[in-house]
Amino acid sequence: METPLKISFQGGDTSEALSQLITGHVETLEQLYGRMTACHVVVKIPDKHHRTSNLFSANIHATLPGGIDINIDHTPQADDRFASPQFAVNDAFRRAKRLLKDRAKKQRGEVKTLHQRIERTIDQPPDA
């Protein structure tokens, strides 16, 4: 892995299993895009004492060459699947992967343009 990676856990202890999962996802993103200059992943752990929400969230901040920032800040609402920290991390990286693919396509000029004006002519029937 070439990308400098920083992993933070807010509201709880660090998890080696989640760290390994995140590292694997970053390696996948490197294979996809390959040119990230930095990546910071923040896993927010629900507070056990206040229990306002028992949902995890994962935020990703990646920096690409040229100072381009990619931010994945998805806060779950009422989706019980986010009670699993693995699901929260996988969901954030799924979003990051889609965003990086779209960005790469745009840079290669492979993006379709919508509402492109098409000039048409109406064929006239021959005069009888």
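Modeller: The model is a predicted one, and its largest pocket has a volume of about 180 Å³.

Biologist: Which residues line the largest pocket, and which lie nearest its centre?

Modeller: Ten residues line the largest pocket, and Gly11, Ile45, Pro46, Lys48 and Phe56 are the ones nearest its centre. By class, the lining divides into three nonpolar, three polar and four charged residues.

Biologist: How many cavities of 30 Å³ or more does a search of the whole structure find?

Modeller: The search finds one. The largest cavity has a volume of about 30 Å³.

Biologist: What makes a space a cavity rather than a pocket?

Modeller: The criterion is escape: a 1.4 Å probe fits in a cavity but cannot get out, whereas a pocket is an open set of points. Rolling a probe the size of a water molecule over the atoms shows where empty space is left.

Biologist: Which residues line the largest cavity, and which elements give two or more of them?

Modeller: The lining consists of Ser57, Ala58, His74, Phe82, Ala88, Asp91, Ala92 and Arg95. Strand 3 (57-64) and helix 2 (85-108) are the elements that give two or more residues. Helix 2 supplies the largest share, four residues. By class, four lining residues are nonpolar, two are polar and two are charged.

Biologist: How many helices and strands does the chain have, and in what pattern do they follow one another?

Modeller: There are two helices and four strands, and along the sequence they follow the pattern β-α-β-β-β-α.

Biologist: In what order do the strands form the sheet, and what makes strand 1 and strand 4 its edges?

Modeller: The four strands form an open sheet in the order 1-2-3-4, with mixed pairing. Strand 1 (5-10) and strand 4 (68-73) each pair on one side only, and they are the edge strands. From one strand to the next, the twist averages 10°.

Biologist: How do you know that strand 2 and strand 3 are paired?

Modeller: The test is at least two bridges between the strands. Seven bridges join strand 2 (residues 38-44) to strand 3, and the two run antiparallel; the count meets the test, and the strands therefore pair. Within strand 3, Ser57 stands opposite Lys44.

Biologist: Where do the helices pack?

Modeller: Helix 1 (residues 16-32) packs on the sheet and touches strand 1 and strand 2, its direction making about 145° with that of strand 1. Helix 2 also packs on the sheet, touching strand 2, strand 3 and strand 4, and its direction makes about 150° with that of strand 4.

Biologist: What makes strand 3 and strand 4 a pair?

Modeller: Six bridges join them in the antiparallel sense, and because at least two are required, they count as paired. Their hairpin has three residues between the strands, and Gly66 there takes a positive phi near 85°.

Biologist: Why is Ile60 called buried?

Modeller: Ile60, in strand 3, has a relative accessible area of 2%. The limit for a buried residue is under 20%, so Ile60 qualifies. Leaving aside neighbours within four places in sequence, Ile60 is in contact with Cys39, His40, Val41, Ile70, Asn71, Ile72, Ala92, Phe93 and Ala96. Its bridge partner in strand 4 is Ile72. The C-alpha atoms of Ile60 and Asn71, eleven residues apart along the chain, are separated by 5.7 Å.

Biologist: Why is Asn59 called buried?

Modeller: Asn59 also lies in strand 3. Its relative accessible area is 12%, under the 20% limit, and Asn59 is therefore buried. Not counting residues up to four places away in sequence, Asn59 touches His40, Val41, Val42, Lys44, Ile72, Asp73 and His74.

Biologist: Is Thr14 buried or exposed, and how do you know?

Modeller: Thr14 is in the loop between strand 1 and helix 1. Its relative accessibility is 65%, and because exposed means over 50%, Thr14 counts as exposed. From C-alpha to C-alpha, Thr14 and Val43 are 9.3 Å apart in space and 29 residues apart in sequence.

Biologist: What percentage of the chain counts as buried?

Modeller: Of its 128 residues, 30% count as buried. Among contacts between residues at least 6 apart in sequence, 58% join residues at least 24 apart.

Conventions
Residues are numbered from 1 along each chain as its sequence is written. This is a predicted model: local features need pLDDT of at least 70, side-chain atom pairs count only at pLDDT 80 or more; totals for chains, interfaces and linings use all residues. Side-chain values use heavy atoms; hydrogens and water are left out. On a 1 Å grid over the protein atoms alone, a cavity is a set of points where a 1.4 Å probe fits but cannot get out, and a pocket is an open set with protein on both sides within 12 Å along at least five of seven lines; lining residues have an atom within 4 Å of a point. Grid points are joined across faces, edges and corners, and a volume is the space filled by probe spheres set on the points. Ala, Val, Leu, Ile, Met, Phe, Trp, Tyr, Cys and Pro count as nonpolar, Asp, Glu, Lys and Arg as charged, and the others, Gly among them, as polar. Axes are lines fitted to C-alpha atoms, for helices over the stretch in contact, and angles run from 0 to 180 degrees between N-to-C directions. Contact means heavy atoms within 4.5 Å. Buried means under 20% relative accessible area, exposed over 50%, partly exposed in between (1.4 Å probe, protein chains only).
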